[in-house]
Amino acid sequence: MARILFDEVTKIYGDDTLAVDDFDLEIEDGEFLTLVGPSGSGKSTLLRMVAGLEDITEGSIHIGDTVVNNLPPRSRDIAMVFQSYALYPHLTVRENMAFGLKRSTDLSDPEINDRVEEAAAMMGIEPHLDQKPKHLSGGQRQRVATGRAIVRDPGVFLFDEPLSNLDAKLRKHMRTELQRIQNQLDTTTIYVTHDQEEAMTMSDRIAILNYGELQQVGSPRTVYNEPENVFVAQFIGSPSMNMFVSTLDTDANRFVGDIDVSIDPERASAIAQNATSDELLLGIRPEHVTVHLEAVEESVPASVDIIEPLGSNDLLYFDLEDGTGVEDVIADDVSIGEDEEKDEEEYKVFIQPDSVPIEYEDSGELVYLTFDTEHMHVFDPRTGENIDVETATRTTVDAQTETAGDDD
Amino acid sequence: MATQSRDTTELFGVELSNSTVDRLKAVGFHTFLWGSIFVVLLPVLWMVAVSLNPLSFLNVIEDPMRWVNGVSLDAYERAIYQTDFLIWFKNSAIVTLAATALTIVVCTFGAYSIGRLRFRGRKAVATFLLMTQMFPLILVAVPLFLIFRDLGLVNTLYGLTIAYIAFILPFSIWMLRGFYENLPESLEEAAMVDGSTRVGAVIRVIVPLSAPAIATTAIFAWIFAWNEFVMALILISDSSKTTLPPGLSTWVGRYSLQWDLLMAGAIGATLPLIIILFFLQKYIITGLAEGAVKT
């Protein structure tokens with residue numbers, strides 16, 4: 001087991017592409033940390049730098065108390081599971097799993113065999129030990145790849161999108177299994193994925209990256225409830241957060257624009273103090289919007305675009321009468337994530353099944369929306385930062401309440 | 001409106017049943033195929049025929065029995081007991097084996113470094129290797145002779161081996177390089193994380209996986225070294241050091257030509273190639289098709 005420390009790590013590829021920029025992070029002994037971000041965000045590069053498969057341009061990486069910058073992969077006490085599994089096609093499952101033990105330990109053949117069988121039992125692949133990888137299904141190959149990693153009992157596990165080649169059902173199953181194994185072995189783990197759902201469900205902490213920069217690091221709940229910037233807000237959560245453009249009227253303590261909502265005076269003045277722009281981005285998750293069929297106090301009219309049945313609830317896509325595009329107000333150098341760029345004004349809300357008649361779809365019939373301002377985030381479009389101090393305070397209180405609840 | 005039923009097809013204006021058309025097509029195809037094979041193999045057949053009885057082609061056509069009655073292994077006996085054939089065969093075998101083995105060792109790592117490692121000038125090296133293939137052998141023969149003479153490598157089998165390796169390597173490296181570029185990089189990375197050095201990863205993972213490509217390269221090297229004439233003629237002057245192709249050429253006299261002896265020698269020289277190609281042909285097909293489709 002080992003602690004991992006990234007100290008001002010930078011990676012620049014030969015053609016001057018900046019892949020990772022001044023990355024600082026400490027991963028505790030036995031922690032399960034997920035690096036998540038869109039394609040090209042530098043997450044795999046970071047993992048490969050820990051593995052020793054990529055040189056570090058600047059800064060240093062420590063595994064335990066050792067700076068590993070110049071150590072070859074074999075001397076780093078790590079095991080890695082690749083996206084393609086990278087099983088040796090000419091060797092049987094048993095030989096694949098024993099490969100690392102033969103190279104990195106001086107165990108005798110019977111001892112190696114015992115270890116392989118123990119790991120195979122843990123992964124449920126004992127019947128396949130004498131088969132070649134080409135005879136196994138995708139799920140079985142994934143298990144062998146994980147088995148090959150755990151059999152070595154390394155200080156650090158590195159997973160590079162290990163579940164991305166599996167179908168949705170198997171992926172969910174393997175997710176639970178990997179978590180179980182990590183809990184059982186308590187080995188420090190870095191897990192790379194672009195799937196935010198995977199990151200949310202598996203990790204002790206999530207580090208969100210974009211264009212090689214660390215956007216935020218925290219527990220799944222923290223990054224979901226307290227996104228530090230508009231990119232994290234958009235990237236974490238599925239479906240993504242709704243973004244409305246409104247102006248703060250400090251005299252009336254109201255936001256006016258895409259949506260009109262009142263907030264308390266203290267919060268309004270704090271936001272006004274932090275803001276560098278008149279127009280602000282209001283971020284509200286789909287579960288914090290309520291749909292009414294009749295107009296109510298403080299409600300905003302909207303037309304129904306599509307209603308998607310999801311099973312336990314439905315997802316309603318709506319359009320606002322005078323929606324301002326986020327792209328129109330946000331600064332060029334602020335990234336809001338691909339989803340938002342593609343579907344600029346795609347607003348969503350969760351509703352109870354059949355609570356809105358299906359005839360409302362694309363008919364011009366209006367519904368009326370109210371917003372839970374308690375869970376509303378306010379972002380500055382010039383910096384992309386969350387400038388709503390209220391959110392931070394509230395979630396700290398939430399966290400304390402949660403901890404108190406746990407103690408009970 | 002259709003004027004013919006489903007059971008008949010028109011072939012060259014004649015209405016025939018489908019099964020007859022299929023049979024005619026098969027007969028036509030096989031006639032063409034066997035005809036082509038006959039044309040290709042005719043010189044080989046004639047080589048065997050002449051080695052057993054040196055009658056002229058016209059005589060054989062006029063009276064085949066005359067050829068049958070005169071068949072003897074005399075030419076083979078003369079080739080083995082009265083000439084240096086066995087010495088040349090041995091020299092050819094030594095040079096070919098050594099050139100093939102060393103080529104494989106060098107080109108496995110050479111191709112890997114050009115195909116996989118990222119270093120400045122990688123593309124230039126690869127292009128330069130290809131450029132060396134653009135010069136005809138005879139063009140570099142004289143400068144090579146002068147260099148080898150100064151180094152004392154002339155008239156030695158290891159000198160000839162070195163010359164062959166130098167000529168085989170560029171093309172072999174290009175062949176293997178394409179194969180390596182298509183192997184997933186994560187395999188050797190997994191081996192390195194699993195405790196291997198880079199060289200260890202190449203030997204334990206890359207080499208076993210590239211066996212078909214390496215076999216193809218080996219066959220290519222073998223054929224080149226076994227058949228090579230110009231270099232052997234220029235670099236070797238002693239009959240006890242020469243190889244089969246220039247050796248056999250000494251049997252072509254100015255005033256006389258022993259066709260049966262020459263053909264017997266040619267068969268002896270061809271036999272090892274036929275045997276090797278017979279057993280390794282599947283690797284040639286696999287090796288050449290490698291990388292054609294994404295697997």
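Okay, let's start with one residue: Leu35 of chain A sits opposite Val192 of chain A, in strand 8 of that chain. Strand 8 covers residues 188-193, and in chain A it pairs in the parallel sense with strand 3, residues 32-36, over five bridges. A pair here takes at least two DSSP bridges, and strands are DSSP runs of E, at least two residues, while helices are H or I runs of at least four, numbered from the N terminus.

Quick housekeeping: this is a predicted model, with local features needing pLDDT of at least 70 and side-chain atom pairs 80 or more, though totals for chains, interfaces and linings use all residues. Residues are numbered from 1 along each chain as written, chains are lettered from A in the order written, and side-chain values use heavy atoms, without hydrogens or water.

Now the sheet. In chain A, six strands make an open, mixed sheet, ordered 6-7-8-3-9-10. Strands 6 (78-81) and 10 (213-218) of chain A are at the edges with a single partner each, so one side of each has no neighbour in the sheet.

What lines the largest cavity? Ala79(A), Met80(A), Phe82(A), Arg148(A), Ala149(A), Ala190(B), Val193(B) and Asp194(B). Strand 6 and helix 4 (138-150) of chain A, plus helix 9 (185-193) of chain B, each give at least two of the lining residues.

Notes
1 Å grid on protein atoms, 1.4 Å probe; cavity = no way out; pocket = protein on both sides within 12 Å on 5 of 7 lines; lining within 4 Å.
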